[in-house]
Amino acid sequence: MVTTPEGTEFDVVVIGGGPGGYATALYGASAGLSVAVVEKDKVGGTCLHRGCVPAKELLETASVVRTVAGAKEFGVQAGQPAVDFTISQGRKQKVVDQLHRGLSGLMKGRGITTFVGTGTLSGGGRVEVSGPEGTDEIAGRHVVLASGSVPRTIQGFEVDGKFVLSSDEVLCLDELPASVAVIGGGAIGCEFASMLCDLGSQVTVLELLPTFLTGCDADVVGVVARSFRKRGIAVHTGVSVHGHSSNGSGTTVSFGDNESVSVDAVVVAVGRRPLTEGLLADGTGVVVAERGFVGVDEHMRTGAERVWAVGDVVDTPQLAHVAFAEGIVAIKDILGEAVVPVDYARVPWCIYCHPEVAFAGLTESAAREAGIDVLVKQDPFGGNSRARIIGETDGLVKVVAERGSDGRAGRILGVHMVGPWVTEQIGQGYLAVNWEATPEEVGQFLQPHPSLSEAFGETILALTGRGLHISS
Ligand code: NAI
């Protein structure tokens with residue numbers, strides 16, 4: 001066993017270098033703490049290497065295909081687009097590599113020490129690092145667990161990299177499959193369905209629940225469903241998948257009531273599970289709950305002395321920006337500063353399928369189910385000048401507000417968007433919801449014209465009882 005020099009004790013040792021881990025490390029180092037990160041692969045984690053970043057980069061390729069295909073409407077003769085997927089993959093990898101170099105440099109520049117290997121908490125602030133060159137032991141006054149998650153699998157659809165793919169394999173495909181079945185109509189399933197369809201694959205989505213994009217507002221789901229239908233994506237909801245049988249060049253998936261679909265590949269996107277294998281030696285006191293998540297309180301404390309946990313390994317929304325926020329909470333708690341816990345019910349959600357989806361706060365149905373009397377307004381992008389100009393009018397902005405005792409709209413509870421670039425527009429909706437602002441207050445602020453963000457302003461004005469373009 002190799003050990004770090006005697007007396008070497010970091011203020012914080014972080015296990016895992018994904019968004020949860022690197023945010024913890026960067027924030028801790030900014031606050032003057034000495035920080036070590038243990039990472040078995042590359043810093044950046046799932047988000048940078050196998051998730052958000054490569055997925056959104058390939059979705060951008062899909063967007064370019066749509067733009068070129070629609071160019072003649074603008075009088076631009078570009079012909080039918082053809083995708084050279086090797087070049088697409090090359091560009092994606094270049095973006096990932098650039099960001100990886102940037103992150104590595106940033107961490108180094110901040111004085112963060114990175115250990116390559118698998119980190120195991122062995123108690124008392126000691127972390128064993130099993131790397132390519134043997135085993136090392138490092139010590140920290142505080143330890144933050146940020147080991148992340150891996151794709152969930154389902155029985156009968158074991159990932160083989162050929163016929164059955166998880167998100168990890170889809171993002172590294174050499175060639176585009178002519179046809180795919182996507183199991184799971186959540187965020188990942190819909191992003192892949194949209195991307196693969198735009199790049200030329202025939203796509204079928206198989207979702208267990210009665211609706212897809214569960215958790216999104218019903219009107220928003222309706223817009224995505226219409227767009228998917230128009231583009232030829234077959235969505236089957238309320239169906240179980242029973243298994244698949246391959247025939248050498250493709251495979252047939254059986255689902256529902258004696259239905260089947262023959263495809264080149266199956267993409268399994270049924271959620272992600274926390275990764276805790278090898279993370280904890282016996283007797284650390286860290287509690288791993290039933291579904292494999294590490295238990296934490298709102299300060300991200302695990303309950304074991306001087307051990308915190310953040311990111312996908314804890315049971316909170318599996319979003320990189322949530323992991324960033326949790327890392328900041330953990331460091332503030334370690335420093336003994338006042339902590340504002342993350343308000344999980346009001347974090348922003350962004351799904352980058354076409355059309356994009358973004359929201360923060362309660363959906364209309366969730367608010368009504370909670371017994372809240374609400375006032376709701378929505379503005380379709382069809383009436384928005386900028387949406388007409390760019391030729392992307394599918395979508396809407398919907399705002400849910402609490403009805404005050406005077407019958408007027410009070411606190412804004414939820415903002416829901418679907419359509420062009422809404423992932424870039426949700427910021428002001430997020431602020432409105434989290435500031436518990438009212439339409440009267442938000443309605444004071446201007447929106448630039450012509451802009452897509454006017455749809456939010458219009459919806460807010462309508463809620464004040466005096467809309468400009470939409471009736472109140
Ligand atoms: P998810 O939980 O969002 O969706 C999984 C879907 O699969 C659900 O609709 C579920 O009902 C369905 N499902 C489960 N078992 C099934 C079965 N046997 N047959 C058919 N359908 C089945 O998980 P997803 O999409 O894999 O994403 C994982 C995590 O990553 C989520 O927490 C998500 O929020 C996050 N993520 C966020 C993104 C974003 O914000 N843009 C993008 C991608 C992922």
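Predicted model: local features only at pLDDT ≥ 70, side-chain atom pairs only at ≥ 80, totals over all residues.
Biologist: Is Tyr22 buried or exposed, then?

Modeller: Tyr22 has a relative accessibility of 15%, so it counts as buried.

Biologist: How many aromatic pairs turn up in the whole structure?

Modeller: A search of the whole structure gives four. One of them joins Tyr22 and Phe324, whose ring centres are 5.8 Å apart with 50° between the planes, and this pair is tilted.

Biologist: Which helices do Tyr22 and Phe324 lie in?

Modeller: Tyr22 belongs to helix 1 (residues 19-30) and Phe324 to helix 8 (residues 320-334), so the pair ties together parts that are 302 residues apart in sequence. Phe324 is partly exposed, at 32% relative accessibility.

Biologist: And what about Trp349 and Phe359?

Modeller: Their ring centres lie 6.1 Å apart and their planes are at 5°, so that pair is stacked. Trp349 sits in strand 19 (residues 349-351) and Phe359 in strand 20 (residues 356-361), so the pair ties together parts that are 10 residues apart in sequence. Trp349 is partly exposed at 29% relative accessible area, whereas Phe359 is buried at 10%.

Biologist: Let us turn to the ligand. Which residues are closest to the ligand?

Modeller: The ligand is surrounded by 25 residues, and the closest are Ile188, Glu191, Glu207, Gly271 and Cys350.

Biologist: How much of the ligand does the protein bury?

Modeller: The ligand exposes 830 Å² when taken alone, and the protein buries 81% of that.

Biologist: What is the shell made of, by class?

Modeller: The shell around the ligand has 15 nonpolar, six polar and four charged residues. Helix 6 (187-198) and strand 19 each supply at least two residues of it, and helix 6 gives the largest share, with four residues.

Biologist: Where does the ligand lie relative to domain 1 and domain 2?

Modeller: The ligand lies between them, because domain 1 (9-150 + 273-344) and domain 2 (164-270) both give residues to the shell around it.

Methods. Residues numbered from 1 in each chain as written. Heavy atoms only, no water. Phe/Tyr/Trp six-rings, centres within 6.5 Å; stacked < 30°, edge-to-face > 60°. Buried < 20%, exposed > 50% of the residue type's maximum accessible area, 1.4 Å probe, protein only. Near = heavy atom within 4 Å. Areas by Shrake-Rupley, 256 points an atom, 1.4 Å probe, with all protein chains shown as cover. Nonpolar A, V, L, I, M, F, W, Y, C, P; charged D, E, K, R; others polar. Domains from an automatic or database assignment.
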